[in-house]
Amino acid sequence: MELRIREGRAVLAGPGGESAREVDPHSLAIGSDLAQALHEWARVASAVGSTRPGGDPGAEAASVVSQRGRQLAQRVAATMGTSVRFVDPVSGDGVIIDPPVPAPRNQLARRLFGTPDPAGEPTPWLTGLTISAFVAAVVVVAMLALANTLARETSGWLAVLASAVVTGGITPSLWLARRVLIVRWASFGAAAGIVIAWIGVLIVVF
């Protein structure tokens with residue numbers, strides 16, 4: 001796949017330029033923001049190429065256009081998960097850009113905890129763990145209060161059954177919430193609270 005410019009628009013073409021089609025988020029697996037950035041870059045590159053007689057741009061402008069195009073090609077490769085041949089609109093040279101290969105541990109973490117934090121933003125460990133600890137405490141107190149009341153007023157097996165119903169009902173929501181950037185901290189805390197609460201429930205009942 002090649003990233004090149006045609007008539008002031010960014011296009012993706014097959015090897016050698018065949019089957020070139022304009023970058024469109026509706027027909028390609030890229031977002032509208034990336035598509036808009038590609039077309040803006042193409043317009044700037046076309047304008048820079050025509051600023052001087054014979055289409056000879058200044059060295060500084062040419063460097064900026066080439067660097068921006070390479071960055072966008074890297075984003076396209078990462079988004080589509082395939083190698084992209086970037087054709088420099090200034091020099092005409094082509095370079096192959098491969099998609100990044102994530103580490104195996106990152107793949108496992110992504111499957112378990114969902115999308116990582118946006119690039120350039122640090123993970124709020126202190127705030128997140130504080131929220132998780134608070135939610136875990138609330139869940140532990142609530143489940144133990146329920147189990148203790150049922151075990152005392154009715155039977156221990158009913159307390160175990162009620163705890164199992166609560167666990168089964170909340171687990172799907174916690175599994176989905178793990179992918180939401182802010183809410184995931186609460187889901188982690190609730191999951192930890194359920195595990196800790198079950199230890200207390202078994203002690204209360206038996």
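**Helix packing and aromatic contacts**

The buried residues of helix α4 pack against α5 (156-177) and α6 (183-205). The model is a predicted one. On α4 the buried positions are G128, S132, A136, V139, V140, M143, A147 and L150.

Helix α4 covers residues 125-153, which is 29 residues. From its first C-alpha to its last it reaches 42 Å, close to the 42 Å expected at 1.5 Å a residue.

Helix α6 can be checked in the same manner. Its 23 residues should span 33 Å at 1.5 Å a residue, and the end C-alpha atoms are 32 Å apart, which agrees. The buried residues of α6 are R184, W185, S187, G189, A190, G193, I194, A197, G200, V201 and V205.

In one of them, W125 and W185 are arranged edge-to-face, with 5.7 Å centre to centre and 75° between the planes. This pair links distant parts of the chain, since W125 lies in helix α4 and W185 in helix α6, 60 residues apart. W185 has a relative accessible area of 6%; the limit for buried is under 20%, so W185 is buried.

W185 and F188 form an aromatic pair as well, again edge-to-face, at 6.1 Å centre to centre and 80° between the planes. These two residues are 3 apart in helix α6 and therefore separated by about one helical turn. F188 has 27% relative accessibility, so it counts as partly exposed. Together, W125, W185 and F188 make up one aromatic cluster.

Another ring contact involves an arginine. R178 is located in the loop between α5 and α6, and its charged end sits over the ring of W175, 3.6 Å from the ring centre. Is R178 buried or exposed? With a relative accessible area of 7%, R178 is buried.

The next part of the structure is the nonpolar core. The largest nonpolar core has 19 residues, of which L3, L38 and W41 touch the most other members. Two or more residues of this core come from each of α1 (32-49), α2 (59-80) and β4. Helix α1 gives the largest share, 8 residues.

The hairpin has 6 residues between the strands, and G92 takes a positive phi near 85°.

For the chain as a whole, the secondary structure comes to 6 helices and 5 strands. Along the sequence these elements follow the pattern β-β-β-α-α-β-β-α-α-α-α. The chain has 206 residues, and buried residues make up 32% of them. Among contacts with a separation of 6 or more, 53% are between residues 24 or more positions apart. The W125 and W185 pair, described above, is 60 residues apart.

Conventions:
Residues numbered from 1 in each chain as written. Predicted model: local features only at pLDDT ≥ 70, side-chain atom pairs only at ≥ 80, totals over all residues. Heavy atoms only, no water. Pairing = 2+ DSSP bridges. Helix = DSSP H or I, 4+ residues; strand = E, 2+ residues; numbered from the N terminus. Core = buried A, V, L, I, M, F, W, Y, C linked by side-chain atoms within 4.5 Å. Buried < 20%, exposed > 50% of the residue type's maximum accessible area, 1.4 Å probe, protein only. Expected span 1.5 Å × (residues − 1). Contact = heavy atoms within 4.5 Å. Phe/Tyr/Trp six-rings, centres within 6.5 Å; stacked < 30°, edge-to-face > 60°. Lys NZ or Arg CZ within 6 Å of the ring centre and 35° of its normal.
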